[in-house]
Amino acid sequence: MTDKDPGPEPEESGPTEPEKAAEAAHEPGVGESIYPHTNTYYTTPKLNQGVPPDPVFIRVLSGIEITIGVTLFAFIIFGVMYQVLGRYFPAVSWVGAGELALLSMIALTFITTGYLVGRNGHIVLEMFDEMLAGTRLFVALRVISAVIMVVTSLALAYEAWVKIDIEWGRLSAAMHVPLGVLYIFALVGFVSAAIHSSFKIPYANRPERKLDIGEMEG
């Protein structure tokens, strides 16, 4: 009795094009994890996830504030680094370098007031937020807080307007810049804070946007 020739073994069929595409889609790229994203009790939610976009006017205003803020921050770096350079090379030292950095830091503090207020980047006391979360009283609390912020910002803007005229005759020691210029930045910053706070009132029932440092990059 002879065994029958089994013949050639059947060739294994390779994956089809749709299967290859599906596998490629699940393959991790450079710097990505091989494990898929999972939501657990300890998962940190993505910042500003589910928050509706700001109105166009607020986005434009925020963009202007960030542009001015980045420029002033560049002046701070330039002034500080030039001071360091002047210590090693006294021939190129400039007495106004330190004053430029100081005045830019003050102006930066004022001009970003509205941006920080609009994104809860300022210092706040959240005493009743957790107690009233999910209730109508929480919305009322946010409205009252926004109204108080509007009134306070307008009062500070008025004081800045008064100080512009008073301090315009005083000049800085090195650069001879009128000190009233600093109060122009304060006026713009506090008016912007009032605008940002007023836009929070009609949207008090929706999630608030939080400060995202990534928005200030590039």
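This is a predicted model: local features need pLDDT of at least 70, side-chain atom pairs count only at pLDDT 80 or more; totals for chains, interfaces and linings use all residues.

Reply: Residues are numbered from 1 along each chain as its sequence is written, and side-chain values use heavy atoms, with hydrogens and water left out.

Me: Why are α3 and α7 called roughly parallel to each other?

Reply: Angles between N-to-C directions run from 0 to 180 degrees, with axes fitted to C-alpha atoms, for helices over the stretch in contact. Under 35 degrees counts as roughly parallel, over 145 as roughly antiparallel, 65 to 115 as roughly perpendicular and the rest as oblique. The axes of α3 (residues 96-111) and α7 (residues 180-200) cross at roughly 20°, so the two helices are roughly parallel.

Me: What makes the pair of Phe78 and Tyr82 tilted?

Reply: Rings of Phe, Tyr and Trp (its six-membered ring) pair if their centres lie within 6.5 Å; planes under 30 degrees apart are stacked, over 60 edge-to-face and the rest tilted. Phe78 and Tyr82 lie 5.6 Å centre to centre with 45° between the planes, and hence form a tilted pair.

Me: How do you know that Phe78 is partly exposed?

Reply: Buried means under 20% relative accessible area and exposed over 50%, with partly exposed in between (1.4 Å probe, protein chains only). Phe78 has 43% relative accessibility, so Phe78 counts as partly exposed.

Note on methods: Helices (H or I, at least four residues) and strands (E, at least two) are DSSP runs, numbered from the N terminus.
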